[in-house]
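Dear colleague,

Please find the structure below, followed by a short account of what was found in it.

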Amino acid sequence: MLKVNLASLDFFSKKQVSLLNDLVAINKQLMPHVVAGATGCRLEEAMALLIFLYDKDLADGYILTYHSKHQDFYFMKRPLKEGLLKIDSLFCQVCEEKIENENDLLYDFEFVINKEEVKFEV
Amino acid sequence: MVYSEGTSEWYGPIVLPEDEKSKWYIKPIFIEHWELDDITKKPIQRAIRWLVYAKVTDGVLSFHWQGFTYSDDEDSTKQESQFPYWNYIPKIIEEFEHLIGRKLVFPNLHQFVLHQLWDYYRAQNGYTWTDLRIRAESGGVSLNARSAGAGGDVEIDVKGINHLAHTLSLSVVKELGLSLEKPEQQHLQDHILQTIIRQFGAKSYEFSLECDSVKVIKAHFYFGMKPNYPSPDAFPHVNCHTSWKSDTNQLEFIINQIKTLPQNVESQPSQPGLF
C-alpha cells in the first residue's frame, strides 16, 4: 500500500480525500470530471490533483482527442509526453472521416493510476 | 420591446408586484431561421426573437431562457435541430459581468447535487428521490441512460439505469455464487446504481424529488464538466421541467438549499453566485 500525502493541495478536505480513496479503489482511470464528480471538488482542483500525481510519477497521463461531430467518444488517446499529432495525419476512426480542420478537434485528459494500491491522506 | 422587435440589448430593470425584491432584465437575441413559406412553399429566411432573462436578487444572479428547434440553413427546413444555446449563454453572462462590473462565480453544481442534496435527501424519511437520467464518461466508455419509464420509450426502458444496475447486481451474485435476501440484493443494486452516478464521471444528471407526494424539484443538472466544448456541458446550468413545477419555484428551492444545507465539503464561492 502506497500512502500519498495531499497536504500540499490544501483545497482537499478530509471528507474529499476519503471520497477520493473510495473512487480510486474501484476506478483508476481518472479524468478531471470523474474526480470532480466523485469528490465534489471543482474541475480545476481535480486537474491540479491529477497533475500532482503525474508529477510524482504515480499516474500515467494521456491526451484524449475528440472529433466535434461525436463529442461523447474520443478517437485517439496519446501519452501526454508525446504531445499532439499534426492535423494533416489525423483520421477519425469513429466516423471514418479525415480531419480537415483543427477547429473540429476537442481535447481532454486522462490520468491512470499506475500503482496497485494507493491511499491518499492529509 | 413590447410593441416592436426591439434591439439586442438589455432592457430593465423590471420589478414584478408579486416579487418586489427581485429585478428582472431582458435581452432579445435575433436568430436567423429558415422555414417554408405557407404560400410559395419555398424556403424563406426569418428571425426568431429569443429572449434571455436575468433575475437579480440579493447575492444571486440567475439567467433564464427556453430552448427551441430551428433551421439554420435553407436546406434543412424540414429537419429542424436543437438551437445551440451553449454558444450564446456563456457570452451573455460575460457581457452582463462587464455591465455590472463584477466577476460572477458559478455554483459548484456537481458538489451540490451529487453530495449536498444527495447525502441529505436520499436517506430522508418522507422524501422520494427518483433517478431519471445520467450522461457520463469514464475510461473510454460513454453512458447515456434514462430511468425506466422516464421517456415512455420501450427501447429506453430496457436500457434504463435501474435496469442496468439490476442486471449487474444479478450478474455479481450469480458469478460469486451468493445467496442474498431481497433487501441485500436491493442494497447491492442501489450501491451499483450510486457508483454509476457518482463515480463514473457524470457530466449531467436528472432526478426528481418529492416530499409526501408534494413536488419539490424535477430537473436535469448540467455540471459544466467540459468547458469550451460546443455542447451543453460547456457551463453549469439547470434544465427544469416547468410543466411539473415552475422554474422560479425550483430555483428558489435550489438557492435555499445551497444557503442552508450542511456543507460536507469546503469549496464554496465567496462572491455572488450565478445560475
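Two residues are in contact if their C-beta atoms, placed from the backbone, lie within 7 Å. The model is predicted: local features need pLDDT of at least 70, side-chain atom pairs count only at pLDDT 80 or more, and totals for chains, interfaces and linings use all residues. Residues are numbered from 1 along each chain as its sequence is written, while chains are lettered from A and ligands numbered from 1 in the order in which they are written.

**Between the chains.** Chain A gives 23 residues to the contact, and chain B gives 23 residues. On the side of chain A that touches chain B, two or more residues come from each of helix H1 (14-26) and helix H2 (32-39) of chain A. Helices (H or I, at least four residues) and strands (E, at least two) are DSSP runs, numbered from the N terminus. H2(A) provides the largest share of that side, five residues.

**Within chain B.** The domain assignment, whose bounds come from an automatic or database source, gives domain 1 (11-100) and domain 2 (109-274) of chain B. In chain B, 11 residues of domain 1 are in contact with 11 residues of domain 2. Strand S4 (60-64) and helix H1 (89-100) of chain B each supply at least two residues of the domain 1 side. The largest share of that side, four residues, comes from S4(B).

Yours sincerely
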